[in-house]
Amino acid sequence: MSIQTIMVIGAGQMGSGIAQVCATAGYDVILNDQKQEFFDRGLANITKNLSRDVEKGRKTEEEKAAILSRLQQSLSIDDAKNADIVIEAAVENMEIKQSIFRQLDSIAPAHTILATNTSSLPITELAAVTNRPEKVIGMHFMNPVPVMKLVEVIRGLATTDEVYEAVRDLSVKLEKTPVEVNDFPGFVANRILLPMINEAIYTVYEGVASIEDVDTVMKLGMNHPMGPLTLADFIGLDTCLAIMEILHEGLGDSKYRPCPLLRKYVAAGWVGKKSGRGFYVYE
Ligand code: CAA
Ligand code: NAD
């Protein structure tokens with residue numbers, strides 16, 4: 001399976017990062033979002049990261065220009081007709097993702113692999129809405145994508161070895177370390193990380209300690225690079241809530257119930273860094 005052109009659906013914090021590492025590795029990238037302003041925001045993020053690399057002497061201006069020249073703007077899902085693999089990184093919502101996968105299945109050539117960067121949704125359920133479940137797979141990058149080395153590669157029930165190997169090899173070419181994971185709610189990363197974040201929110205909700213102090217405990221006490229509430233804001237509280245709902249529903253254990261305070265913040269639109277306010281306020 002030869003991959004030259006990669007389409008990324010969603011130019012948000014994950015999609016823009018995925019597009020950046022793919023273009024940096026020499027692939028032609030079609031970066032798709034629904035509106036020009038969303039694409040522009042993603043491109044601005046990529047340009048900022050590459051400019052920092054130039055300032056720090058890690059890349060030349062010519063390399064930066066070459067990477068940007070491999071990025072093509074897309075506002076139509078029809079551009080999937082030119083892709084060898086599509087990596088979907090739209091919002092964490094099963095109905096939206098299924099709708100995207102149905103469309104991709106009807107537009108993309110027969111050889112095209114349909115991958116998703118979902119944090120927690122079942123790959124097999126997404127695959128089931130297509131006529132190519134053997135070519136559907138999870139490719140779960142970590143945030144921030146240019147920095148974090150891990151990719152969880154998740155096979156759906158029908159995913160073939162050939163498709164798994166192609167995605168594993170692609171991850172290595174992107175200078176990531178792939179780990180094979182079975183299709184269970186939250187996979188490995190978020191099954192372990194999100195209950196910790198949810199518990200941190202409970203400690204604030206129950207008045208055990210302040211937001212800042214909970215973060216300080218985990219940063220200085222456990223050497224975590226970010227406290228759990230800072231990390232929740234960084235991931236996006238809407239995404240955190242969606243993942244907890246999937247764990248709760250999919251594993252059926254009350255230990256995964258989302259904290260009411262998390263629900264309240266999301267209902268208020270305080271979804272973290274990307275909205276300017278979450279547990280902290282951002283300028
Ligand atoms: N994009 C690109 N590069 C970034 C970046 C971003 N958003 N944020 C930071 N960096 C780079 C910086 O440029 C810097 O590199 P250089 O100094 O070499 O230029 C390097 O990362 C370190 O950054 P800082 O010195 O500014 O800050 P830091 O030392 O605190 O590191 C961090 C930032 C790497 C994000 C670190 O705080 C960290 O590792 N945080 C935890 C991240 C984490 O847990 N991610 C997983 C989230 S869960 C997930 O992704 C799965 C899911 O489905 C929800
Ligand atoms: P985000 O809100 O930053 O970006 C989502 C983008 O998708 C937005 O730009 C939005 O306009 C676009 N979009 C929505 N519907 C679309 C459609 N039908 N077609 C094209 N574009 C569409 O979200 P994010 O944090 O980048 O998360 C994206 C996905 O990655 C989610 O599934 C999330 O669970 C997963 N993920 C997130 C993180 C994280 O830390 N935030 C980490 C790993 C995986």
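Which atom of ligand 2 lies 2.8 Å from a polar backbone atom of Ile-235? It is a nitrogen atom of ligand 2, and the pair falls under the term polar contact (N or O atoms within 3.5 Å; within protein, one must be able to donate a hydrogen and the other to accept it, and residues adjacent in sequence count only if both atoms are side-chain atoms).

The model is predicted, so local features need pLDDT of at least 70 and side-chain atom pairs pLDDT 80 or more, while totals for chains, interfaces and linings use all residues. Residues are numbered from 1 along each chain as its sequence is written, chains are lettered from A and ligands numbered from 1 in written order, and side-chain values use heavy atoms, without hydrogens and water.

Other atoms of the protein also approach the ligand. An oxygen atom of ligand 2 is 2.9 Å from a polar backbone atom of Met-14, and a polar side-chain atom of Asp-33 lies 2.6 Å from an oxygen atom of ligand 2. The protein covers 89% of the 840 Å² of accessible area that ligand 2 has on its own (Shrake-Rupley method, 1.4 Å probe).

The protein itself is assigned two parts, domain 1 (5-182) and domain 2 (190-275), with bounds from an automatic or database assignment. Eight residues of domain 1 and seven of domain 2 form the contact, which means heavy atoms within 4.5 Å. Together the domains bury about 690 Å², 59% of it on carbon and sulfur atoms; buried area is the accessible area (1.4 Å probe) lost on being put together, summed over both parts. Three residue pairs are in polar contact across this interface, both residues at pLDDT 80 or more.

How values were computed
Buried area = accessible area lost by both parts, 1.4 Å probe.
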